[in-house]
Amino acid sequence: RDCSNWCADANAVYVAMGENCYQLDAASGDIQQVHSVMGEEETWNWGFVAREKELLLGSQVRPGNTFTAWWGGANWYDAREGSATAKVCSDVLFARDASSGEHQWRYQNGLILNTTITIADDRIYFLENRTAELKAGQSRRFAGEGLFQNLHMVALDLATGDVIWQREAKPLPGDVATFLAESDGRLILVTSHRNPSVGDPGGEFAVYSFDAKDGNSQWRRKFSWEVDHHGKSLSRPTIVGGHIYLRPLVLDLNNGEVVRPHFPEGHQCGTYIATTEALFLRSGNLAAWSRKDWTASRWERLRPDCWISTVPANGMLLAPEGGGGCSCGSWIETSAGFMPRSVDSH
């Protein structure tokens, strides 16, 4: 329901905390620079953070609106309604020179949904709400369907912050979750919505494809959640090789048609991450799901945790321990790193 507060490039890790973004040396962890959030007229917290080209990108969020509590059932990520589903919004998006810290540009108009900020092909895309009453209030956490009235999709030039295009957006309200992603010149918007009228499991996903060049609509689809628990109502779009993986389905990126009607067998929770060759997820145990033949290889008694924990990086699969404290199995509570048995030269 919010963006990450850290990112990395080849040389540094950037961590947004309060009013500052701390630039840490990737090798030593030493603080190289402290970037203060922009905005002299009032106090802001640093929200979104990203490194792209020569820029350090950030957003301004009013203090007290980011999620900080994590303990107890009320803060469990799996909620379908209530305060735990509130989406955090930023008032301002800005860019600075990553080396000098010099101001480059600043964009301010509506309330920017942090989970939708997407960078691709020298552009920044996002959804923003332009309702005056919401903007006039102090809160920047919004639950329910009100955030999805007077909604617009915006594309900015990465180098200048100028608006390239903007269009009104009227998706199915993403009161449970809202995600935006880009691949092959297509913007994929996914909203998750409670809808008891569809029967069990009580909710559905809406998936929309837009031309990233001009924002024109290309196709739209709607389908029911698999179940209403263990993250199944929070599925996010993972796009690779012309396919959209959105549990429980695999969709064709070009037209939204169903390519595969289900994910691998086995209990699943949390989310999934992809490489060009496979998806890595919990499918009973830690699993690698081949994109070539749709078979799943599993490592018995190892499991990811309840969100992203298994990370493919630099030819390895890194699997930090994710079963500790979970009552659902007799897990080997250990971290592991995997290397490929062989490497396809093609």
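This is a predicted model: local features need pLDDT of at least 70, side-chain atom pairs count only at pLDDT 80 or more; totals for chains, interfaces and linings use all residues.
A polar contact is a pair of N or O atoms within 3.5 Å; within protein, one must be able to donate a hydrogen and the other to accept it, and residues adjacent in sequence count only if both atoms are side-chain atoms. Residues are numbered from 1 along each chain as its sequence is written, and side-chain values use heavy atoms, with hydrogens and water left out.

**The whole chain**
- The secondary structure comes to one helix and 28 strands. Helices (H or I, at least four residues) and strands (E, at least two) are DSSP runs, numbered from the N terminus.
- The radius of gyration is 20 Å, which agrees with the value near 20 Å for a compact globule of 346 residues. It is taken over C-alpha atoms, and the globule rule is 2.2 Å times the number of residues to the power 0.38.
- The C-alpha atoms fill a box of roughly 55 × 55 × 45 Å along the principal axes.
- Buried residues make up 49% of the 346 residues. Buried means under 20% relative accessible area, exposed over 50%, and partly exposed in between (1.4 Å probe, protein chains only).

**Asp175**
- Asp175 sits in the loop between β13 (163–169) and β14 (177–183).
- Asp175 is buried, with a relative accessible area of 4%.

**Ser139**
- Ser139 lies in the loop between α1 (132–136) and β11 (141–142).
- Ser139 is partly exposed, at a relative accessible area of 34%.
- The side chain of Ser139 reaches the backbone oxygen of Arg141 at 3.1 Å.
- From Ser139 to Gln268 the gap is 129 residues in sequence and 34 Å in space, C-alpha to C-alpha.

**A four-stranded sheet**
- Four strands form an open, antiparallel sheet in the order β22-β23-β24-β25.
- β22 (273–274) and β25 (296–299) stand at the edges with a single partner strand each, so one side of each is left without a neighbour in the sheet.
- β22 pairs with β23 (residues 278–283) over two bridges, in the antiparallel sense. Two strands pair if DSSP finds at least two bridges between them.
- Ile273 stands opposite Phe280 in β23.
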